[in-house]
Amino acid sequence: MNTIHIGHKIEEVFNKTERPKTWFAKKLNCDPSNIYRIFKRKSIDTDLLFKISEILDYDFFTLYKPKKHDN
């Protein structure tokens, strides 16, 4: 099983938006310093992950789906 560092993946997707962290913080209704904390998280609450998925238009939940094997 692959270990997913969700914070790093969120940061990667966020960086592709080329928007400032203040924009992301405003969308999440949090202080910009919290954005850095999110990027450091190895795990995250599903409600927050859902909100981040909507904001960044990326389904982070697909990272946790098991891969299907061809038989």
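Which way do α2 and α3 lie to each other, roughly parallel or roughly perpendicular?

Modeller: This is a predicted model, in which local features need pLDDT of at least 70 and side-chain atom pairs count only at pLDDT 80 or more, whereas totals for chains, interfaces and linings use all residues. Residues are numbered from 1 along each chain as its sequence is written, and side-chain values use heavy atoms, with hydrogens and water left out.

Two packed helices are described by the angle between their axes and the distance between the axes. The axes of helix α2 (residues 21-28) and helix α3 (residues 32-40) come within 8 Å and cross at roughly 90 degrees; helices here are DSSP runs (H or I, at least four residues; strands E, at least two) numbered from the N terminus, and axes are lines fitted to C-alpha atoms over the stretch in contact, with angles from 0 to 180 degrees between N-to-C directions. α2 and α3 are therefore roughly perpendicular to each other, since that name covers 65 to 115 degrees, with under 35 roughly parallel, over 145 roughly antiparallel and the rest oblique. On the α2 side the contact (heavy atoms within 4.5 Å) is made by K21, T22, F24, A25 and L28, and on the α3 side by P32, I35, Y36, I38 and F39. By class, these residues are 8 nonpolar, 1 polar and 1 charged, where Ala, Val, Leu, Ile, Met, Phe, Trp, Tyr, Cys and Pro count as nonpolar, Asp, Glu, Lys and Arg as charged, and the others, Gly among them, as polar.

For a second pairing, turn to α1 and α4, whose axes come within 11 Å and cross at roughly 20 degrees, which makes α1 roughly parallel to α4. In this contact I6, I10, V13, F14 and T17 of α1 meet L49, I52 and L56 of α4, and the residues divide into 7 nonpolar, 1 polar and no charged.

V13, in helix α1, counts as buried at 9% relative accessibility (buried is under 20%, exposed over 50%, partly exposed in between, with a 1.4 Å probe and protein chains only). Its C-alpha atom is separated by 10 Å from that of I52, 39 residues apart along the chain, and, not counting residues up to four places away in sequence, V13 touches L56, Y58 and F60.
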